[in-house]
Amino acid sequence: MNVLVNAGPWLQVPPPGYGGIENVVATLVPPLRERGVRVILASVGSSTLEVDELISVYDEGRFSELQKPYNQVMGIAHAHQAMVARELARRDDVDLVHDHLEVVGPAVLAALGGPPVLHTLHWDLRKHAAFYEAFPSSIAVNGVSESQLRRAPDALRGASLGAIHLATPMAGREPHGPRGERFVVMGRVCGLKGQHVAARICQKLGLPLVLAGPVSGLGSQAELEIVAQNPDHPLHGHPDVRYHLDVVSAYLDGDLVRWVGAVEGAERDELYASARAALFPIQWDEPGGTAVVEALALGVPPVGLRRGCLPEIIDHGRTGFLADTEEELAEWLQRVDEIDPEECRREAARRFSPSVMAERYLEMYETVVARSRR
Ligand code: UDP
């Protein structure tokens, strides 16, 4: 089967550091290829993932431009989608498009009458509810958790083939050395991920906490300061930047609670693997939760609020803890050593491995292709 996997123009695949969708694609493609799928990756020129063909319109990822005015952002997305559409128009060897990009793209691709499209939903769907209400029923979609689909608009739920959880590789993640004292929040710094709640709890309990992750694409204190000191900077009023400067910063004392900026590569793995626990004080219905699955794979117990996909991923009391309130979260945090790291790793290998994810996608691809032939 020839599958065109559309990862979009925002980051290279695999992403060097932060990157949600691009991470998913980098995890999925190798086991698909091992199972005989020929993959044409639509991404940016600097992508290094091993594929059968790479097609791109941009040489480098355009992530930093996501902060530009809406019409410019859409211009970038449209140029990429137009490239994909041109490619599909000129060739007849693509059996299926697996689209990860954005809501409008698949509708356009389907309207072109090309190969069938499976669109993976990566978002909190209520944000795009109006669009999805009018989603063409010819497009197959899948979610990344049951909870995400339960909250989806009706039309979309009807088009859905089900949920496939996110996955992460286990290789190279063998435990090496004792677990540290530090708690970690790994993720974009923004109100939805709730770093301030983790910071507040750890301050109160005197527990060391490291917050790792970019703030609206800004990866370091120096970059953040340039924006903070310049009211004319386009990011100065950005909600995530304001969240860091006005809310999270109040808890950062450079000692007990620290923000280390965006981390990548070996530094990220080391920081995460040596954590005592991974905290998810989420303030939204997290749709997929790659960072939660990664914590399990590393044998780092995840402790979070019972929202979104977390109850599907974390088995309370066995592979981590789930809390309903901030107070409860603080209590479980102190009991986290009761969780067996090996149990976390076994769970990740059993339920969230790349081969489990690839098998499920292959089944879905076959369903979509068979349906289109009918
Ligand atoms: N991440 C990273 N460096 C950071 C912060 C996050 O590499 O400084 C990675 C993290 O390990 C995970 C991804 O970015 O793989 C975030 O994905 P997730 O689904 O958890 O969050 P979202 O897609 O909502 O940002």
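**Figure 1. A right-handed β-α-β unit, built from S1, H1 and S2.** The model shown here and in the views below is predicted. Strand S1 covers residues 2-6, helix H1 residues 20-34 and strand S2 residues 38-43. Together, S1, H1 and S2 form the right-handed unit. S1 and S2 run parallel and are joined by five bridges.

**Figure 2. The open sheet of seven strands.** The strand order is S3-S2-S1-S4-S5-S6-S7, and the pairing is parallel. Strand S3 (53-56) and strand S7 (160-163) stand at the edges. Each has a single partner strand, so one side of each lacks a neighbour in the sheet. On average, neighbouring strands are turned by 20 degrees against each other, direction ignored. Helix H15 (residues 354-373) lies across S1, S4, S5, S6 and S7. H15 runs at about 140 degrees to S5, the strand of residues 117-120.

**Figure 3. Strand S1 and its pairing with S4.** S1 runs parallel to strand S4 (residues 96-99), and four bridges join the two. Val3 has Leu96 as its bridge partner in S4. Val5 is partnered in S4 by His98. Is S1 mostly covered or mostly open? S1 is mostly covered, with five of its five residues buried. In a regular strand, side chains alternate between the two faces of the sheet. Both faces of S1 are covered. Asn2, Leu4 and Asn6 are buried on one side. Val3 and Val5 are buried on the other.

**Figure 4. The open sheet of six strands.** Here the order is S10-S9-S8-S11-S12-S13, with parallel pairing. Which strands stand at the edges? They are S10 (257-259) and S13 (321-323). Each of these has a single partner strand, so one side of each is left without a neighbour in the sheet. The twist averages 20 degrees from one strand to the next.

**Figure 5. Strands S12 and S13, with helix H13 packed on the sheet.** S12 (residues 302-305) pairs with S13 in the parallel sense over three bridges. Gly304 finds its bridge partner in S13 at Leu322. Helix H13 (residues 326-333) touches S8 (183-186), S11 (277-280), S12 and S13. The direction of H13 makes about 160 degrees with that of S13.

**Figure 6. Helix H14, its start and its buried residues.** H14 spans residues 341-351. At the start of H14, a side-chain oxygen of Asp340 comes to within 2.9 Å of the backbone nitrogen of Glu342. The buried residues of H14 are Glu343, Cys344, Arg345, Glu347 and Ala348. Helix H11 (290-297) is among the elements that cover them.

**Figure 7. His236 in the loop between H8 and H9.** Helix H8 covers residues 221-229 and helix H9 residues 239-247. Is His236 buried or exposed? At 18% relative accessibility, His236 counts as buried, because the cut-off for buried is under 20%. The side chain of His236 reaches the backbone oxygen of Val227 at 2.8 Å. Leaving out residues up to four places away in sequence, His236 touches Val227, Ala228, Asn230, Pro231, Val241 and Arg242.

Definitions and conventions. Residues numbered from 1 in each chain as written. Predicted model: local features only at pLDDT ≥ 70, side-chain atom pairs only at ≥ 80, totals over all residues. Heavy atoms only, no water. Pairing = 2+ DSSP bridges. Axes fitted to C-alpha atoms, helices over the stretch in contact; angles between N-to-C directions. Contact = heavy atoms within 4.5 Å. Buried < 20%, exposed > 50% of the residue type's maximum accessible area, 1.4 Å probe, protein only. Right-handed = clockwise from strand over helix to strand, strands pointing away. Polar contact = N/O pair within 3.5 Å; in protein donor to acceptor, adjacent residues only side chain to side chain.
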